[in-house]
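Keep the sequence and the model in view while reading.

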Amino acid sequence: STIRHLVTAYSVQCHKTWRIKKVNLQVNLTRLICRNLTCADVRNMSGRAEGGASQPSKSGGFVAWYNDCLSAKPLLTTSISTMIIASSGDIMCQLAVEGKTLDTFQWARTRNMAILGMCLIGPTLHNWYGFLFRKFTGVALSAVVTRVALDQAFFAPLFTATFFAAIFGLEGHLDDYPNHMRNNYVDALFVNWGIWIPVQIINFRFVPVQHTVLVANCVAVLWNGYLSWSAHK
């Protein structure tokens with residue numbers, strides 16, 4: 001009886017000791033984890049707790065930087081990128097198509113294209129494409145066809161005429177505008193449709209709305225070069 005009592009007492013004491021050590025181990029582990037948690041870890045844990053897996057961080061590079069700028073200031077980013085592309089189109093036109101040298105290069109002409117890209121083309125396309133995607137949502141065939149039809153049948157004729165008026169106005173030759181329209185406007189429209197109808201079908205069907213202006217601007221390096229050449233031939 002005495003031996004059984006001693007064994008029971010020893011077992012109880014061992015169990016108490018094991019529980020104390022277990023609690024101390026848990027406390028120490030908690031402290032260690034808390035000391036090594038980073039802010040990113042806390043944000044990821046919070047994101048998962050709020051109802052979903054955490055999003056992977058975006059990779060660096062120009063594309064990520066451009067997307068950040070586009071998210072923060074879409075109109076300004078679009079306008080600046082359009083300014084760069086429009087002026088690049090004119091530079092390419094003068095050097096590669098017209099064969100100008102640095103001595104005969106018309107810097108004022110490139111400046112005017114940059115101004116139009118920043119103040120006219122970029123803001124106009126940003127708002128126009130935004131309107132099209134708000135009013136005719138989705139990528140169904142009917143929505144894409146409607147956007148392309150409105151863009152090419154309604155917007156393109158008006159914008160081409162506006163562009164020519166703006167470029168002649170900036171250069172101080174607005175009196176030449178009516179004659180230029182009579183001689184070149186129809187040709188410019190047919191060239192526009194030949195380029196932009198297939199481009200916009202792809203652009204409006206497969207490209208996210210925030211990047212439609214950028215895609216259009218990349219193609220517009222050639223188109224703006226043509227418009228600049230047409231306005232100065």
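Predicted model: local features only at pLDDT ≥ 70, side-chain atom pairs only at ≥ 80, totals over all residues.

Residues are numbered from 1 along each chain as its sequence is written, and side-chain values use heavy atoms, with hydrogens and water left out.

**S87**
- S87 sits in helix α4; helices are DSSP runs of H or I, at least four residues, and strands are E runs of at least two, numbered from the N terminus.
- S87 has a relative accessible area of 14%, so S87 is buried (under 20% relative accessible area; exposed is over 50%, partly exposed in between; 1.4 Å probe, protein chains only).
- Leaving out residues up to four places away in sequence, S87 touches T110, M113 and A114 (contact means heavy atoms within 4.5 Å).

**C93**
- C93 also belongs to helix α4.
- C93 counts as buried because its relative accessibility is 1%.
- Beyond four places in sequence, C93 touches E98, R109, G225 and W229.
- C93 and G225 are 132 residues apart along the chain, yet their C-alpha atoms are separated by 5.0 Å.

**Helix α4**
- Helix α4 covers residues 74-97, 24 residues in total.
- From first C-alpha to last, α4 reaches 33 Å, close to the 34 Å expected at 1.5 Å a residue (1.5 Å times one less than the number of residues).
- The buried residues of α4 include T77, S81, I85, G89 and D90.
- Cover for the buried residues of α4 includes α3 (62-72), α5 (107-135) and α8 (212-232).
- Just after α4, G99 has a positive phi of about 70°.

**Whole chain**
- The protein chain has eight helices and zero strands.
- Of its 233 residues, 33% count as buried.
- Among contacts with a separation of 6 or more, 69% join residues 24 or more positions apart.
- The accessible surface of the protein chain is about 14600 Å², and 66% of this belongs to carbon and sulfur atoms (Shrake-Rupley method, 1.4 Å probe; for residues, only the protein chains shown count as cover).
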